[in-house]
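Here are a few notes to read alongside the structure.

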Amino acid sequence: MTPRTVLLPLALLLLASGCQGYKARGACDNDVDRLQGAIRDTTIYLDALRPELRAGFAELLDCDRISETCDAETWLLRAQTMQRAHQDVRTRFARAVELWSPDACVPHLQNYTLSPPDPATWRGYFFTLDQTGEQIDELVDRFGRRAG
């Protein structure tokens with residue numbers, strides 16, 4: 001074997017291992033758009049959910065009062081529907097965050113040609129989604145106990 005035939009595969013191996021798997025600008029744009037869209041959609045969802053949660057907890061207070069009527073079965077169904085919708089929204093949001101790979105978009109980030117959301121923003125949304133999910137779970141649990 002000549003040195004050239006030994007060194008050529010070794011050089012190709014070193015070159016391939018040193019190359020980063022960067023995404024094309026369009027793919028990075030799509031990731032950022034997907035993440036920003038998920039944040040926008042999640043904001044809309046959470047804003048629309050707040051009155052429903054307030055109404056659910058108000059109904060629980062009414063159910064706690066002996067003099068008030070309680071429609072626990074209807075509210076249990078509503079809370080279960082909220083629970084399923086919430087799981088769908090959280091799954092879509094988590095997928096958008098998962099697909100965003102800043103390491104693969106470094107050249108575009110360094111050139112300031114991309115403007116992704118700050119990670120603190122989507123971490124805050126995860127926190128809010130988790131808190132909201134706990135509130136919905138509480139409604140399901142408490143109305144479930146009342147509905148028997």
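1. Let's start with D64, which is partly exposed at a relative accessible area of 40% (buried means under 20%, exposed over 50%, partly exposed in between, with a 1.4 Å probe and protein chains only). The side chains of D64 and R142 meet in a salt bridge, 3.6 Å from N to O (a side-chain nitrogen of Lys or Arg within 4 Å of a carboxyl oxygen of Asp or Glu). D64 belongs to helix α2 and R142 to helix α5, so this pair ties together parts 78 residues apart in sequence. R142 is partly exposed too, at 22%.

2. A word on the source: this is a predicted model, where local features need pLDDT of at least 70, side-chain atom pairs count only at pLDDT 80 or more, and totals for chains, interfaces and linings use all residues. Residues are numbered from 1 along each chain as its sequence is written, and side-chain values use heavy atoms, leaving out hydrogens and water.

3. Another salt bridge joins E52 and R78, at 2.8 Å from N to O. E52 sits in helix α2 and R78 in helix α3 (residues 72-99), 26 residues apart; helices are DSSP runs of H or I with at least four residues, numbered from the N terminus. E52 is partly exposed at 24% relative accessibility, and R78 is partly exposed at 33%.

4. Do look at D31, also in helix α2. With 5% relative accessibility, D31 counts as buried. Beyond its neighbours within four places in sequence, D31 contacts K23, L99, W100 and S101 (heavy atoms within 4.5 Å).

Note on methods
Helices (H or I, at least four residues) and strands (E, at least two) are DSSP runs, numbered from the N terminus.
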